[in-house]
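Q: I would like to learn how to read a protein model, one feature at a time. Could you walk me through this one?

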Amino acid sequence: MKQKLLCLALLLSLLTSCFGASPVLAEDAPAQSEAELHMLNDLVAYIYQSEVLYGDVLWVLDAYADFDARRDWESLQKARASLTIAALDIGGCALPAQELTPEDQLELMRRGIDVSFMENMASVFAGEKAAIQNTCAHLRAGIMLDVYLKDSWRTCMQEGAMTRELMSCYIQYLANTADWVLASLGDPAVTEKFRGVTEAYCPLTFSRQEASLRSPAEYEAAANVLLDRIESLITEESKALGARSNALNRMTELLENRDYAAIGADLLTIENLPLALFYPTWYSENDLFYYWEKDGEIQPTPPPGTALERMPDGCRIRIEGVSREDVQDYQQELEQAGLSCLGATEEEGRLNVYYAVGDSTFGLLWEADTVTILMTEQPVCFVPRWYYPALEAVR
């Protein structure tokens, strides 16, 4: 995220040079030029940060599609890592302090340019960010849990298709907003320089901007069409969530009846699945970090939008609110399942349990009601507790 903030700082400095001096704006109207500068700086900052939100989700959906096509452990790990990287990036998105002043707004309104939509830009962006984080939570459920069942994964991909179109609509709305503002200003030089910035820093938005500007009224009409489609997609997503709820109720019923054969018939085959362990009852992926190594050193995390050349080498999962007894109970469960620990140490309020199975090594490190699951070699795969009974039922 630090790199993106540096890019944003550079972007804003470029706008200052583009819009703050002659010949971009009229030399005989410095106040008017300053108002435009502030408005355009705020607008491009909003577009940039919003595109990060939507672009990151599209990148994750591409990784999901790759797993859907390949159905193997490597593509699954890449998809999970992509979501983790994107969620962290999205969490760091924030708008800079607004430059547009009330005096600027009055100046622009006297020229017939309505910038009232920018008054609540910070709160609008906060709402959009919260909605995208909620989308990431649904995507996490899909790639962590739904992925083991055919019907559930099919539902996840259907939701993904709607989410992809929704992100596309949002990006188109950004492009239309930019073009509406440029059309309202009516200055070809400003338009050219503004698009130079979006081309360099907001490529998704730039790709949807129009070469020849239409009238502001036409962009307003197009915005209404987009908003109708967005509302329709959100309604469709709500129905899909209802289907997910029905599937969960169905699973609860099957588990209550111990009908593992019915569950097993729906299992999704994932090629090259490594050692699979059932989830601890206290398990959570809210704090999950994947990493790559080279020559024994952890490498910088790939930024969203880049191709992951290989699956992660390891991962760290931190879970709070876990007692020492919880960890020891899980250790006993693994022992009963035939997996003995390599060693365990208890000292000074710490409990460390280590495992080595085949090429996989991992540890459970507990301290102060927080457990860290550290997978350092060939990460294992956590599966729902019904997975092995269901698998045995159809063998």
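Q: What share of the residues of the chain count as buried?
A: Buried means under 20% relative accessible area, exposed means over 50%, and partly exposed lies in between (1.4 Å probe, protein chains only). Of the 395 residues in this chain, 46% are buried. Please keep in mind that this is a predicted model, where local features need pLDDT of at least 70, side-chain atom pairs count only at pLDDT 80 or more, and totals for chains, interfaces and linings use all residues. Residues are numbered from 1 along each chain as its sequence is written, and side-chain values use heavy atoms, with hydrogens and water left out.

Q: How many helices and strands does the chain have?
A: Helices (H or I, at least four residues) and strands (E, at least two) are DSSP runs, numbered from the N terminus. Here the chain has 12 helices and 10 strands. Its C-alpha atoms fill a box of roughly 85 × 45 × 35 Å along the principal axes.

Q: What span is expected for helix 6, and what does the model show?
A: The expected span of a helix is 1.5 Å times one less than its number of residues. Helix 6 has 36 residues and reaches 53 Å from its first C-alpha to its last, close to the expected 52 Å. Just after helix 6 comes G186, with a positive phi of about 65 degrees.

Q: Which residues of helix 11 are buried?
A: First, the general idea: an α-helix has 3.6 residues a turn, so residues three or four places apart point the same way. In helix 11 the buried residues are V327, Y330, Q331 and L334. They cover an arc of only 105 degrees around the axis (taken from the directions from the helix axis to the C-beta atoms), which puts them on the same side of helix 11. These buried residues pack against strand 1, strand 6 (343–347), strand 7, strand 8 (360–367), strand 9 and strand 10. As for length, the 13 residues of helix 11 should span 18 Å, and its end C-alpha atoms are 19 Å apart, which agrees. G338 follows helix 11 and has a positive phi, near 100 degrees.

Q: How many aromatic pairs does the structure hold?
A: Rings of Phe, Tyr and Trp (its six-membered ring) pair if their centres lie within 6.5 Å; planes under 30 degrees apart count as stacked, over 60 as edge-to-face and the rest as tilted. The structure holds 13 such pairs. One of them is F67 with W153, edge-to-face at 5.2 Å centre to centre and 85 degrees between the planes. This pair links distant parts of the chain, with F67 in helix 2 (residues 30–70) and W153 in helix 6 (residues 150–185), 86 residues apart. Both F67 and W153 are buried. Another pair is F278 with Y330, whose ring centres are 5.8 Å apart and whose planes are at 90 degrees, so the pair is edge-to-face. F278 lies in strand 1 (residues 276–278) and Y330 in helix 11 (residues 324–336), so the pair ties together parts 52 residues apart in sequence. F278 and Y330 are both buried. Ring pairs also join Y64, F67 and W153 into a cluster.

Q: Which residues other than glycine have a positive phi?
A: Most residues other than glycine have a negative phi. Among the exceptions here is N272, with a positive phi of about 60 degrees. N272 sits in the loop between helix 10 (260–264) and strand 1, and N272 is exposed, with a relative accessible area of 63%. Q378 has a positive phi near 45 degrees. Q378 lies in the loop between strand 9 (370–377) and strand 10 (381–383), partly exposed at 44% relative accessibility.

Methods: Contact = heavy atoms within 4.5 Å.
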